[in-house]
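Me: I would like a close look at one part of this model. Please take it step by step, in short sentences.

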2 protein chains.
Amino acid sequence: MKNKYIISIDLGGTNLRIALVDENLLIKDRFVLCTPVFSIKESLISAVVSSINKIISKNNLNKKDILGIGLGLPGPIDYKNGIVHYFPNIPGWKNVFLKDKLQAKLGIKTFVDNDANVMALAESRVGAARGMKHIVCLTLGTGVGGGLILNGELFRASTNATGELGHVPVNQTGPKCNCGGIACLEAYIGNKRIIQQAEKIFRKKITLEQLSALAGQGNRNAINIWKDAGNILGIALSGVINLLSPDCIVIGGGVANAGKVLFDQVKETILKRAMTVQAKHVRIYKAALGDDAGLIGAAILVREGVSE
Amino acid sequence: MKNKYIISIDLGGTNLRIALVDENLLIKDRFVLCTPVFSIKESLISAVVSSINKIISKNNLNKKDILGIGLGLPGPIDYKNGIVHYFPNIPGWKNVFLKDKLQAKLGIKTFVDNDANVMALAESRVGAARGMKHIVCLTLGTGVGGGLILNGELFRASTNATGELGHVPVNQTGPKCNCGGIACLEAYIGNKRIIQQAEKIFRKKITLEQLSALAGQGNRNAINIWKDAGNILGIALSGVINLLSPDCIVIGGGVANAGKVLFDQVKETILKRAMTVQAKHVRIYKAALGDDAGLIGAAILVREGVSE
């Protein structure tokens with residue numbers, strides 16, 4: 001029998017990434033489009049459809065060679081019914097039955113989920129948390145997102161709105177958060193907030209990469225910014241650890257590249273703030289799959305979805 | 001075939017409660033002993049064994065009429081291996097194989113679990129959260145404990161140390177907590193802390209019951225103490241809601257008797273602080289089973305344990 005392939009799509013506010021993935025989760029072909037070009041919902045869906053057709057024909061395959069299509073999407077998703085509720089950073093999407101639309105246009109079984117869930121799936125199956133049963137996955141970016149693997153499965157609850165680690169409050173009062181809440185983790189350690197703080201201290205424009213590099217060179221101000229971020233992250237995670245007692249926490253995204261100074265502080269704060277049994281049990285890992293976590297996770301979504 | 005019975009035991013720092021429960025979870029007989037009388041571990045175990053023998057013979061039953069023994073215990077428990085790690089409020093217990101000990105002495109299948117887990121089981125199966133799938137259960141007492149029902153089952157993780165809602169931090173800095181942490185929920189709304197605050201304001205000795213009564217009569221100071229407690233509880237729960245998106249939260253224990261003023265504030269804070277989808281979805285209930293939750297939950301522990 002001929003091998004089957006999966007088509008993975010990782011949609012972000014900046015890039016729309018499409019890949020052909022084989023049954024061993026190896027990426028055989030890929031290309032990237034620029035998301036903001038498709039400002040209208042219908043044009044984005046058309047771009048997805050033509051990209052899928054293109055990657056199939058370019059690789060001399062037929063639709064029957066494709067096990068399914070998996071999409072990791074930047075917003076709240078109803079996995080079961082295949083609905084995009086909305087995208088915080090892409091306008092024009094409201095309760096779109098994307099799974100049905102794509103299946104109707106392409107005739108290939110399709111699965112959609114939130115990007116943080118898809119990343120959690122990837123890190124748990126073939127990444128940093130491989131072999132573990134209870135996993136908290138965290139992405140540090142403009143937003144702070146998360147996915148939960150409990151008893152080896154994605155935990156979606158009844159609402160599909162789980163794992164919102166960025167919106168765990170860390171203080172009774174504090175800065176207003178994008179979600180409408182107050183003093184959420186994201187309001188302290190979202191990319192923009194860290195850069196804002198850094199630019200105030202260094203009195204010039206600075207990127208996250210530069211801030212990480214400065215910390216690596218021993219710059220005290222840069223180190224302190226990362227330590228503060230690590231401490232607040234450690235406090236929020238202490239609550240999560242006392243509640244769920246995960247086997248490990250996987251941290252990915254741009255801010256995670258700050259490296260040792262950030263991770264050491266997160267671990268130190270957890271040992272100080274979380275309960276002894278849970279704090280000693282949990283492992284803190286950096287995400288292993290980098291930028292490809294979304295594509296690999298979307299492929300796993302298909303693989304596990306078709307066998308359900 | 002003759003009906004089978006279950007023997008339930010609810011151990012607290014003050015009372016040791018024993019009950020004979022039928023297959024419909026009705027309590028047919030019960031009695032209470034005073035826990036501090038049994039200051040030595042062996043004497044407490046002997047009291048449990050003789051109480052069980054006594055309730056069996058008093059009701060003209062034989063050991064073969066007993067489906068099993070269930071114990072809800074006030075501390076961290078390894079359910080699977082039947083080990084009591086320790087009791088925070090009863091000295092002398094350290095990694096005791098209680099399940100094996102009782103099974104050896106009595107020849108009846110035995111199940112042990114943490115009291116908050118047992119209460120969660122009771123409220124989820126026959127109490128306030130009956131019929132719901134994803135449930136957070138909270139007990140407000142000297143300590144603030146909790147149990148999680150996810151996908152209809154108790155969530156125990158790998159450590160058996162889950163649901164520690166009392167130890168979710170609500171501030172970066174704040175009062176030291178009994179657990180060794182800082183600014184945990186329990187450090188703000190544990191019984192003792194609320195009474196401390198109240199006695200400072202009223203400048204006299206006062207009980208929780210009096211404080212609830214005063215609030216019911218419209219006393220401003222009393223109302224404000226309960227509103228403050230409800231607000232802090234609401235903030236901690238907002239984090240839990242954003243993380244797990246439970247179908248409902250069940251609140252029990254002495255502080256829960258403060259009633260409407262406390263519950264209204266909890267709900268108001270959740271609507272303000274938690275994310276919209278999750279906050280609108282979750283229901284906040286008062287525990288329905290009162291003091292019997294522990295005995296009924298221990299019986300359910302047996303019923304579900306023997307059929308596993």
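This is a predicted model: local features need pLDDT of at least 70, side-chain atom pairs count only at pLDDT 80 or more; totals for chains, interfaces and linings use all residues.

Which residues have the most contacts inside the largest nonpolar core?

Reply: Start with the core. The largest nonpolar core has 201 residues. Leu185(A) and Leu185(B) have the most contacts inside it. Nonpolar side chains tend to be buried together in soluble globular proteins.

Now zoom in on one of the two, Leu185(B). Leave aside residues up to four places away in sequence.

Next comes the meeting of the two chains. Here 41 residues of chain B are in contact with 41 residues of chain A. Two elements of chain B give two or more residues each to its side: α7 (220-244) and α9 (276-281). Of these, α7(B) gives the most, with eight residues. By class, the chain B side divides into 20 nonpolar, 17 polar and four charged residues.

How do the copies sit against each other? A rotation of 180° superposes chain B on chain A, with 0.0 Å of shift along the axis and an RMSD of 0.0 Å. The two copies are therefore related as by a two-fold rotation axis. In chain B, Asn171(B) has the C-alpha nearest that axis, 2.0 Å from it. Of the interface residues of chain B, 100% are also interface residues in chain A, so the copies meet through the same surface.

Step back to the layout of one chain. Chain A is divided into domain 1 (5-118 + 292-306) and domain 2 (131-288). Their C-alpha centres lie 28 Å apart. Seven residues of domain 1 of chain A are in contact with 12 residues of domain 2 of chain A. On the domain 1 side, β5 (77-78) and α3 (115-126) of chain A give two or more residues each. That side has five nonpolar residues, one polar and one charged.

Finish with two backbone details. Most residues other than glycine have a negative phi. Ser245(B) is not a glycine, yet its phi is positive, about 45°. Ser245(B) lies in the loop between α7 and β11 (248-252) of chain B. Ser245(B) has 25 other C-beta atoms within 10 Å, so it counts as buried; the cut-off is 20 or more. Asn151(A) also has a positive phi, about 50°, without being a glycine. Its place is the loop between β9 (144-150) and β10 (153-154) of chain A. Asn151(A) has 13 other C-beta atoms within 10 Å and is partly exposed.

Notes. Residues are numbered from 1 along each chain as its sequence is written. Chains are lettered from A and ligands numbered from 1 in the order in which they are written. Domain bounds come from an automatic or database domain assignment. Helices (H or I, at least four residues) and strands (E, at least two) are DSSP runs, numbered from the N terminus. Ala, Val, Leu, Ile, Met, Phe, Trp, Tyr, Cys and Pro count as nonpolar, Asp, Glu, Lys and Arg as charged, and the others, Gly among them, as polar. Copies are superposed by least squares on the C-alpha atoms of residues with pLDDT of at least 70 in both. A nonpolar core is a set of buried Ala, Val, Leu, Ile, Met, Phe, Trp, Tyr and Cys residues joined through C-beta atoms within 7 Å. A residue is buried if 20 or more other C-beta atoms lie within 10 Å of its own, exposed if 12 or fewer, and partly exposed in between; C-beta atoms are placed from the backbone.
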